[in-house]
Amino acid sequence: VRGQLTELRAADLRFTPSEAAGFLNQAMGLNLSSGDIAALETRTEGWVAGLQMAALSMQGRADTAGFIQAFTGSHRFVLAYLAEEGLHQQPERVRRFLLQTSILERLCGPLCDAVTEQEDGRGMLEMLERENLFVVPLDDKRHWFRYHHLFADVLRARSMEELSGQLPALHLRASEWYERHGSPADAVRHALAAADFGRAAGLIELAWPAMDENFQTATWLSWAKALPEETARTRPVLLVGIAWALLSGGEMEAGEARLREAERWLDGAEESPSGEMAVVDEEQFRFLPSSIATARAYHAQALGNLPGAVKYARQALRLLPEEDHLRRGPAAALLGLASWAHGDLEAAHRAIAEAMANFQKTGSLSFAISGTYGLADIRIAQGRLREAVNIYERSLQLATGEGKPILRGTADLYLGLGDLRRERGDLNAAAEYLLRSEELGEQAALPDWPHRFCLARARLEEARGNLDVALGLLDEAERLYYRSPVPDVRPIAALKARLWIRQYRLAEALDWARERGLSIEDELSYLREFEHIMLARIRIAQYKTNRADRSIQEATELLDRLLKAAEEGGRMGNVIEIVMLQALAQEVQGNLLLALVPLERALALAEPEGYVRIFADEGPPMARLLSEAAAQGILPGYAGRLLSALGVEGREAIEQPYLSPPRTPSAQPLVEPLSERELEILQLIARGLSNREISERLFLALSTVKGHNRNIFGKLEVQRRTEAVARARELGLL
């Protein structure tokens, strides 16, 4: 009466995670981990009665983690409690409402009215909230609600017992309401729950164009797979959608099989599936021939059948009206991808850019930005880094305009910009862009983003000198990779071979080259150009190891052929790398002045575009060459910038000869061989690094480095660093 009433509602009484921990582990005498406590707190939403019943059920159990994972409202303690306290005390009208609406994940008045065939849904929800009967508002206006998770489990368990015969009809009413109110996902879900597969198939068929345009094919395919096989088989439009969804996920054989089934319906051949053909979306049916042709172009291009890809893409374009930009876009883009795979980069760029511009005209912005990384990669292959940056930035501006929702593909734009920042030497900015891409995640990314994200992280870790971490990321990228029409011009296995060379694991790089059947006499093609560049690197590394003249001669001959092919194709990004390797091939033979000729050309091509890591990642040999170039007045400012990017290692290498790979422990003339780590530290000692510098370089504690030093001195039978280096050189370990 004094206006001092305080209302305590569910949110006030809810246990926090720390309160839940105290209750479960202290009051109830359990010994749960923080992860188990967090899972229980989330499942019960901090409801202490639910926590108590869970605790009672766990007492004496050995496998508490398994119980927590399976804990739901159907558990006997929760079921008995809620049935008594929640359901039995309600009037029959309320009880019936609760059971009928338990099929819904979200509740609003009109939806509840449709499901229950009553007219008091909104009032009932308001009453349930007022009575604190396990309903949770989902918006500030209290239009949408949901049941407490455990209470929802109880209601569903009871509805299965008491309303089993009515459940299909309830789900069907919910499906119809959601369809009328523009929520196809919920409409499909309830149609499937009602086992009305004809209705579900029609809804799924109608949902395909919009979900494909928004890169939601995986979700759509999960719906289609929930249909009985006999239902899908009678619907050619649905079959083509399934084919496209499978192809988009890399399932080429399964996708092609679905295309054949749809083609049999269209051909009207005797082998067509039995049963009557069903079509819901007449417009999609009318364009099926062009859609199938485009899908066949996609399939052919992904499998490397370039003539087939061109044939089917042109067929699709002939079947489509000139003004139908949305449907012509994929076929036109596939023609561009075929040109890209063939090495005709300028034609590829024109075709893809035109397709993306047409998508933008139709308002399909996700499609419009989906080709960005392809356009940028082509410009990178042409050695035009600045233009690649501009391509990404223009798309990012399009994708992140004021008031726009986050578009699928936005995460890919940050990823591409981050990788370009890395190449241009700004590793901090690169890391920030990659972090932003990761924060946006797969919901804002194209389907193949996970594997490309791992690739970009691997390149960044390589630039930081963390080669083992980079290799681990490449392994993960390899696991996530699946076939698509985008040309795989830099295979992951070849990138791994490059890191093996840097780690002195030449045998593994040689095994890779043998498995790929690579030879210096091979006919050259753009699709294998990067692999052949890697073969040249392997031959240079072989010469460093065994000084075999044949190896360096093969490397030189292969690089000459590769250079001619790359120049003719306008692939200046590869030209820079090839010419740089020609310089390194001279450097390893001790021909510094001869090496400066190709190096000067590489620097002249690279400097206007801001290349850094392509040189810096080559390590000490490149540092020696750049130092000599600067001394000779060859682009001294740019050479100095690159030397700075090489860091301490680069400055040391100016005065140090090339360090041969350390001998393996088993090949050492010592009673007790040095370990791989000790050999690595010995190399750094020989370069003159202090213990602290070694600890920072190798991410080891200073005490650990000193311990390794003692072991090295003991095995070499010396007392100090200078004696260790002299003894190691005498034994051929350095």
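Select helices α39 (residues 676–686) and α40 (residues 691–698) in this predicted model. They pack at an angle of about 130° with their axes 10 Å apart, and are therefore oblique to each other. The crossing of α39 past α40 is right-handed. To see the contact, show the side chains of Arg-677, Glu-680, Ile-681, Leu-684 and Ile-685 on α39, and of Ile-694, Arg-697 and Leu-698 on α40. Of these contact residues, 5 are nonpolar and 3 charged, with no polar ones.

Next, go to Thr-410 in helix α26 (residues 410–423). Its relative accessible area is 1%, so Thr-410 counts as buried. Leaving aside residues up to four places away in sequence, Thr-410 touches Ile-369, Leu-396, Ala-399, Thr-400, Leu-440 and Ala-444.

Now turn to the aromatic side chains. The structure holds 11 aromatic pairs. One of them is Tyr-147 with Phe-151: the ring centres are 5.9 Å apart and the planes stand at 80°, so this pair is edge-to-face. Tyr-147 and Phe-151 are both buried.

Then select Trp-244 and Tyr-298. Their ring centres lie 5.5 Å apart with the planes at 80°, which makes this pair edge-to-face. Trp-244 belongs to helix α16 (residues 236–248) and Tyr-298 to helix α19 (residues 288–302), so the pair ties together parts 54 residues apart in sequence. Trp-244 is buried, with a relative accessible area of 14%; Tyr-298 is buried too, at 13%.

For the last stop, select Trp-144, Trp-177 and Tyr-178, which form one aromatic cluster.

Methods: Residues are numbered from 1 along each chain as its sequence is written. This is a predicted model: local features need pLDDT of at least 70, side-chain atom pairs count only at pLDDT 80 or more; totals for chains, interfaces and linings use all residues. Side-chain values use heavy atoms; hydrogens and water are left out. Axes are lines fitted to C-alpha atoms, for helices over the stretch in contact, and angles run from 0 to 180 degrees between N-to-C directions. Helices (H or I, at least four residues) and strands (E, at least two) are DSSP runs, numbered from the N terminus. Angles under 35 degrees count as roughly parallel, over 145 as roughly antiparallel, 65 to 115 as roughly perpendicular and the rest as oblique. A crossing is left-handed if the near helix is turned anticlockwise from the far one by less than a right angle, and right-handed if clockwise. Contact means heavy atoms within 4.5 Å. Ala, Val, Leu, Ile, Met, Phe, Trp, Tyr, Cys and Pro count as nonpolar, Asp, Glu, Lys and Arg as charged, and the others, Gly among them, as polar. Buried means under 20% relative accessible area, exposed over 50%, partly exposed in between (1.4 Å probe, protein chains only). Rings of Phe, Tyr and Trp (its six-membered ring) pair if their centres lie within 6.5 Å; planes under 30 degrees apart count as stacked, over 60 as edge-to-face and the rest as tilted.
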